[in-house]
Amino acid sequence: MEMVYIAAALIIGLGALGAGIGFGLLGGKLLDSTARQPEMANQLQTKAFIMAGLLDAVPMIGVGIAMYLIFVVAG
Amino acid sequence: MAADTPVEYIKHHLTNLTYGKLPGGYERADGSVVEEATWTFARTGQEAADMGFMAFHVDTLGWSIAMGVLFLGLFRFVANKATTGTPGGLQNAVEMTFEFVQGIVRDVFHGKNPLVAPLALTIFVWILLMNTLKLIPVDYIPSIAHALGLEYFKIVPTTDPNGTFGISIGVFLLILFYSFKIKGVGGFAKELSFNPFNHWSLVPFNLVLEILALIIKPISLALRLFGNMYAGEVVFILIALLPLWIQWTLNVPWAIFHILVVTLQAFIFTTLTVVYLSAAHEDH
């Protein structure tokens with residue numbers, strides 16, 4: 001049963017890693033392009049939010065599954 | 001609540017109020033035996049699982065319909081009472097929502113179809129209302145339901161895959177309908193067969209790729225919404241297991257974060273629906 005904890009740790013950890021890299025790229029590019037063309041800021045922000053939601057989904061689902069594993073499957 | 005250990009508590013909160021058919025001769029949780037096949041409410045999670053595919057999640061159905069009625073009623077009420085003078089707070093909120101969705105549709109949708117904007121508004125407000133139910137503390141409504149004699153009660157329809165798949169399959173059918181209607185059967189087939197690689201020898205490969213891409217659309221729509229809401233719900237339930245005096249330190253930040261997630265997921269579902277429908281309206 002201890003393997004479940006390792007699995008949950010991997011799910012959350014790798015999910016956080018991917019999400020961190022993804023949000024770094026997304027936010028960096030957003031700031032970059034807003035600084036270059038401030039008049040596009042609103043449009044870019046809307047699109048960045050769509051991307052943020054898509055990006056957010058996978059690690060969040062991972063957290064849910066990991067919690068389920070820790071507290072229901074192992075617990 | 002019939003929950004003594006944390007695991008039971010979590011499982012209890014993640015089980016829907018299921019109405020389904022128990023087969024004849026089935027032994028129920030309390031030891032009694034069902035004489036012949038009957039339609040009834042499940043009293044344990046195991047019974048709900050044994051009811052199989054043809055079982056209704058009454059709480060999901062009820063709350064989603066209630067939220068739909070609330071949405072229609074509220075918007076109708078505001079539309080009837082709308083003034084050109086100084087609008088009240090409610091009218092402002094409704095107009096802002098309306099203009100927000102109108103903006104999405106205007107930016108993203110390039111075809112001509114009077115159905116898309118109302119559809120987008122319905123999906124956005126409906127999902128937003130259903131998701132918002134989650135900000136009600138996890139024990140309030142289940143305790144009331146329990147006092148009324150209902151063993152299981154899960155109020156957020158979007159934490160049930162049946163709810164999210166219901167919406168996304170509806171969207172999928174509309175995508176298919178408009179693809180056939182606008183492009184014609186030949187045009188749609190041509191788009192599926194020649195899209196990534198425009199060469200006759202690669203048609204089977206293209207077909208596999210495009211049909212997969214088509215089928216994945218409703219699945220990803222539904223699972224994204226379900227996954228986000230379910231994960232958040234699990235965390236809320238875990239927080240509810242802590243001692244009462246410490247709960248707010250975790251509950252408040254998570255709830256505030258969830259205001260963002262709730263709106264964002266409704267927004268993304270709407271935007272992607274409009275994007276998919278826009279792609280279905282593009283005639284080459």
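These are my notebook entries on a few things I looked up in this predicted model.

**Entry 1: the sheet in chain B**

I began with the strands. Three of them make an open sheet in chain B, with the order 2-1-3 and antiparallel pairing. Strand 2 (38-41) and strand 3 (55-57) of chain B are the edge strands, each pairing on one side only.

Then I went back to one pairing in detail. Strand 1 (residues 18-22) of chain B runs antiparallel to strand 2 of chain B, and four bridges join the two. I noted one residue pair as a handy landmark: B:Leu22 has B:Thr38 in strand 2 of chain B as its bridge partner.

**Entry 2: B:Ala120**

I picked B:Ala120, which sits in helix 5 (residues 116-132) of chain B. Buried or exposed, I wondered about B:Ala120? I put B:Ala120 down as buried, because its relative accessibility is 2% and the cut-off for buried is under 20%.

So what is B:Ala120 in contact with, leaving aside its neighbours within four places in sequence? My list reads B:Val101, B:Val105, B:Thr270 and B:Val274.

**Entry 3: annotated spans in chain A**

For chain A I turned to the UniProt record, an unreviewed entry, where the annotation "transmembrane region" covers residues 6-27 and 48-74. I compared each span with the model. Residues 6-27 of chain A are 100% helix and 0% strand, with end C-alpha atoms 31 Å apart. Residues 48-74 of chain A come out at 96% helix and 0% strand, and there the end C-alpha atoms are 38 Å apart.

**Entry 4: where chain A meets chain B**

I finished with the interface. Chain A brings 16 residues to the contact and chain B brings 23 residues. About 1,600 Å² is buried between chain A and chain B, and carbon and sulfur atoms give 84% of that area. Which residues of chain A lose the most area to chain B? I noted A:Ile50, A:Met60 and A:Val72, together 30% of what that side buries. My count of salt bridges between chain A and chain B is zero.

How values were computed:
Residues are numbered from 1 along each chain as its sequence is written. Chains are lettered from A and ligands numbered from 1 in the order in which they are written. This is a predicted model: local features need pLDDT of at least 70, side-chain atom pairs count only at pLDDT 80 or more; totals for chains, interfaces and linings use all residues. Side-chain values use heavy atoms; hydrogens and water are left out. Buried means under 20% relative accessible area, exposed over 50%, partly exposed in between (1.4 Å probe, protein chains only). Contact means heavy atoms within 4.5 Å. Two strands pair if DSSP finds at least two bridges between them. UniProt positions are given in the numbering used here, feature names are shortened, and annotations may be inferred rather than shown by experiment. Buried area is the accessible area (1.4 Å probe) that two parts lose on being put together, summed over both. A salt bridge is a side-chain nitrogen of Lys or Arg within 4 Å of a carboxyl oxygen of Asp or Glu.
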